Amino acid sequence: MNIARFCFIVFGLSWPALGAAYAQQTSVVAFTVTDAASQKPLAGATITLTPNASGPGARPLTRVTDAAGKATFTDVLGGAYTLRIEAANYDALTDDSYVVEPGVLAEQPIGLSLAGGEVVEVRGDADRPLVEQGAAAAGRITPAEVRILPARGRDILTSFPPVPNVIRSNDGRTSIKGAREDQSVVLVNGNISNDPATGSFQVEIPLEAVQQSEVFTNPYLPEFGKFTGGVTRIETRPGTNKWSFGVNDFFPEPRFRSGQLFGFANVSPRVSLSGPIVRDKAFFAQALEVIVDKAVVRGLPNPDNEVRKYSFRSFSQFDVFLTGRQTLTSTVNVARRLVRNVGLDFFNPVPVSPNQRTLDIAVAGTHRYATDAGSALETYFNYKRIGVEVFGKGAETMVITPIGRTGNFFTALDRTTERYQLQFSNTLAAFEALGLHRIKFGFDVNAMRNRGMVSSRPVEIRRADGTLFQRIAYANRGDLKADNIEVSGYAQDQWLIRPSLQLDFGLRIETQQAATSINLVPRVALSYAPGGSDNTIIRAGFGLFYDKLPLNALAFRSLPRQVVTTFNRDGSVRDPARAFAHDLARDPENDPGRGGDFRVTYNRTFRVEFAQRMTKRVLTKLSYLDSRTFNDLFIEPILRPTDGVIRLFNTGRATYRAFEATADIKFSSSHTLTASYVRSKARAQLNDFISYFGDVPNPVIRPDQFGNAPIDAPNRFFARGVFGLPWRIKLAPIFEWRDGFPYSLTDEEQSFIGQRNADATRFPRFMALDLAVTKTFDIPDWLKPTLFGKKPDLRSASFTVSVFNVTNHFNPRNIFSNTGAPQFGTFFAVYRRFYRVDFNVNF
């Protein structure tokens with residue numbers, strides 16, 4: 001859910017006497033905060049007045065602006081203060097000598113400038129008082145930052161630079177706290193955007209529609225739910241009183257080979273338009289994006305070495321000020337995508353890799369109302385519809401051998417998944433009671449349905465000499481029909497006990513149709529500044545987090561059931577056709593009488609952090625994180641005398657422990673550097689449900705093991721920075737070094753050998769230095785085209801050259817891990833140095 005940033009007026013902070021008769025007289029100070037360029041009122045801006053004089057009761061006064069951008073301080077004692085005004089995506093304003101005259105009524109207009117411009121940082125909340133960063137984001141990023149960073153993708157989810165406890169696997173999926181991607185949640189304007197069928201991220205928003213994106217690894221506030229990993233929160237860009245138009249990445253990206261131009265890799269033109277429908281009342285923003293992407297996969301010969309993506313994305317947003325206290329926001333997101341050669345690599349060449357077609361439609365509305373009492377009421381509605389088709393390239397039997405797969409993909413899937421979401425929240429006006437309280441409560445209802453069919457054709461497993469070992473047929477066509485309703489409520493209090501001590505605590509209550517239990521979810525986080533200084537902070541947090549249940553798991557009994565026949569080398573039958581049923585494992589000892597109902601996966605996380613601001617420019621952090629997950633879903637094949645069962649267990653576990661050391665350095669407004677070292681260990685059940693029964697299933701099911709997670713990297717160091725150079729040039733390097741991911745050994749019958757994902761079987765250490773150089777320049781009038789008889793207001797253009805793996809380090813993506821392969825033990829598919837060129841124009 002969206003953290004409240006709109007529409008509430010705060011009452012009643014009274015200050016004890018400061019000792020001087022002059023300061024005994026109180027004043028009323030009314031602030032009006034607007035966008036400096038458009039003069040649009042800024043709701044949700046935080047205004048803090050901190051007395052410069054020390055003494056009993058000398059504590060900060062805080063107000064938050066309403067929908068009209070207004071915030072009023074009543075009974076303010078006369079004297080000198082430090083004024084600080086902060087608003088999301090705007091540069092903070094600070095005045096160390098703001099004077100409140102005694103006994104007056106003062107009106108103070110303030111204009112804030114949009115953050116970004118020539119200053120680009122990828123940082124957390126380092127500029128906020130450290131005590132108040134109880135649930136700070138691990139990182140945030142804006143489209144302006146994406147355009148100058150050496151990101152390997154231009155999607156907001158794949159463009160994040162390295163941050164602690166967040167890592168990306170070789171297949172591009174994001175892991176937070178060692179969890180799988182389907183165990184985290186992605187929020188778009190406060191609404192869940194995960195695919196209800198698989199739990200995976202489903203965000204198809206044009207980059208130019210995004211205002212900012214944040215990753216939370218430890219959000220202890222109870223308003224966040226439906227995850228055991230972390231939270232990615234995306235906020236979209238509203239229109240303003242000034243019309244703006246942008247065109248980005250409209251030149252095809254050249255592809256170089258051996259230092260020479262070799263065709264084009266992709267083209268991804270993006271167009272954005274925003275402005276007022278009715279000045280100061282109604283605003284419009286539209287973003288369009290077309291993507292043709294040809295991602296080269298190393299280890300395969302040209303031209304059969306490309307994953308080809310074709311996408312169209314549209315995002316429309318309307319913002320209306322209904323009254324001075326009410327706003328209404330509505331959004332419409334439509335996206336189509338076709339991916340050819342899903343999962344392409346040496347072992348899954350073009351003929352056997354499937355294609356996937358997706359249609360994503362999302363319609364959402366948000367109503368915000370600021371009451372006379374200063375509360376902020378927010379109501380959210382969201383409808384999301386996802387259509388997915390997965391299909392192969394022919395009808396040949398898929399054959400699995402020690403050196404890879406041949407034939408055509410064995411499964412065809414066609415489904416439509418829907419989510420209806422309704423949320424309500426009430427953020428009360430901040431009030432004094434043994435400190436400053438910010439109380440929020442609300443509820444969330446999700447109704448989800450999945451309809452579709454899945455059919456699978458026979459699969460063969462053959463030995464190194466070509467003889468048939470196993471034939472897997474399927475007894476039925478799968479029905480994906482599943483429904484679920486989730487209901488949750490929460491209450492939380494962010495209690496600033498004193499300027500050096502903050503306690504965030506609350507309770508979340510969750511239940512759902514597919515699991516009969518009611519889950520109580522307590523959370524608490526503490527921030528303390530010893531000695532009252534903001535230079536040293538100790539933080540600690542503990543919480544329970546309950547996950548989503550994927551609809552595919554609810555339909556497990558109706559999915560295609562395997563019939564497996566095993567053969568000897570001479571072709572005779574070793575094990576006659578064995579039919580496998582699908583069943584949900586029951587635990588009568590812990591769940592008597594539940595009749596096989598699901599239990600919801602949950603996580604228990606504890607974190608402690610020591611933060612030290614060495615100077616105004618240097619912030620260091622040391623932290624320890626312990627995360628443990630229970631009731632995870634995993635599958636296990638069980639043989640019986642004449643048949644078998646593939647059993648879905650609801651008792652899986654996972655652990656993640658990490659020590660982090662980070663230095664965040666701000667040399668100047670245009671020179672920033674962040675460096676982190678993370679020592680971690682991630683372990684999990686390796687037969688997780690979605691890996692075998694997702695949209696692209698795996699037919700080979702062997703016994704489960706508990707071991708190193710696929711993204712386990714015990715030692716990891718990374719650094720990133722942005723450096724402003726003369727002549728409007730920016731240098732943005734990203735460096736990462738880590739241990740290689742683990743892999744498993746298999747024999748020619750596709751059975752695992754020894755411990756899966758053992759420490760002894762890892763890829764070589766990964767090291768990459770990526771570098772982006774951006775030159776921004778003004779466009780002269782003689783270069784501006786004439787449109788409709790006039791020249792458009794072309795402000796500037798930027799040219800970015802990105803170099804990836806500058807040092808050309810040996811970073812293989814594949815290994816021959818099957819003992820039946822002649823090349824057994826060989827690493828290959830190395831991504832050498834490569835380049836990319838981008839060009840953007842701003843109107």
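The legends below describe an overview and several close-up views of one predicted model.

In this predicted model, local features need pLDDT of at least 70 and side-chain atom pairs count only at pLDDT 80 or more, whereas totals for chains, interfaces and linings use all residues. Residues are numbered from 1 along each chain as its sequence is written, and side-chain values use heavy atoms, with hydrogens and water left out.

**Figure 1. Overview of the chain, with its four helices and 49 strands.**
Helices (H or I, at least four residues) and strands (E, at least two) are DSSP runs, numbered from the N terminus. Of the 843 residues, 56% count as buried, where buried means under 20% relative accessible area, exposed means over 50%, and partly exposed lies in between (1.4 Å probe, protein chains only). The chain exposes about 33,400 Å², of which carbon and sulfur atoms supply 59%; accessible areas come from the Shrake-Rupley method with a 1.4 Å probe, and for residues only the protein chains shown count as cover. Among contacts (heavy atoms within 4.5 Å) between residues at least 6 apart in sequence, 69% join residues at least 24 apart.

**Figure 2. An open sheet of four strands in the order S3-S2-S5-S6.**
The pairing in this sheet is antiparallel, and two strands are taken to pair if DSSP finds at least two bridges between them. Strand S3 (61-64) and strand S6 (93-100) are the edge strands, each pairing on one side only, and the twist averages 20° from one strand to the next; for such angles, axes are lines fitted to C-alpha atoms, for helices over the stretch in contact, and angles run from 0 to 180 degrees between N-to-C directions. Strand S5 (residues 79-86) pairs with S6 in the antiparallel sense over six bridges, and Arg-84 stands opposite Thr-94 in S6. Ser-97, also placed in strand S6, is exposed, with a relative accessible area of 52%. Leaving aside neighbours within four places in sequence, Ser-97 is in contact with Asn-52 and Tyr-81; the C-alpha atoms of Ser-97 and Asn-52, which are 45 residues apart along the chain, are separated by 8.1 Å.

**Figure 3. Strand S41 (residues 671-685) and its pairing with strand S40 (residues 644-668).**
These two strands run antiparallel and are joined by 14 bridges, and a hairpin connects S40 to S41 through two residues. Asp-664 stands opposite Thr-674 in S41. S41 is also joined by nine bridges to strand S43 (residues 715-725), again antiparallel, with Tyr-677 standing opposite Phe-717 in S43. With strand S42 (residues 706-708), S41 pairs in the antiparallel sense over three bridges, and here Ala-684 stands opposite Gly-707.

Asn-194 is buried, with a relative accessible area of 0%. Its side chain reaches the backbone oxygen of Gly-199 at 2.9 Å. Leaving aside neighbours within four places in sequence, the residues in contact with Asn-194 include Ser-184, Val-185, Phe-201, Arg-419 and Lys-548.

**Figure 4. The aromatic pair of Phe-227 and Phe-545.**
The structure holds 28 aromatic pairs; rings of Phe, Tyr and Trp (its six-membered ring) pair if their centres lie within 6.5 Å, and planes under 30 degrees apart count as stacked, over 60 as edge-to-face and the rest as tilted. The pair of Phe-227 and Phe-545 is tilted, at 5.2 Å centre to centre with 40° between the planes. This pair links distant parts of the chain, since Phe-227 is in the loop between S13 and strand S14 (231-236) and Phe-545 is in strand S35 (residues 536-546), 318 residues apart. Phe-227 is buried at a relative accessible area of 0%, and Phe-545 is buried at 1%. Elsewhere, Phe-346, Phe-347, Phe-816 and Phe-828 form one aromatic cluster.

**Figure 5. Backbone geometry at Pro-303, Asn-341 and Ala-829.**
Most residues other than glycine have a negative phi, and most peptide bonds are trans. A cis peptide bond joins Asn-302 and Pro-303, with omega about 10°, and Pro-303 lies in the loop between strand S19 (282-296) and strand S20 (306-321). Asn-341 has a positive phi of about 70° although it is not a glycine; this residue is in the loop between strand S21 (326-340) and strand S22 (355-370) and counts as buried at 7% relative accessibility. Ala-829, found in strand S48 (residues 827-830), has a positive phi near 60° and is buried, with a relative accessible area of 7%.

Terms used:
Polar contact = N/O pair within 3.5 Å; in protein donor to acceptor, adjacent residues only side chain to side chain.
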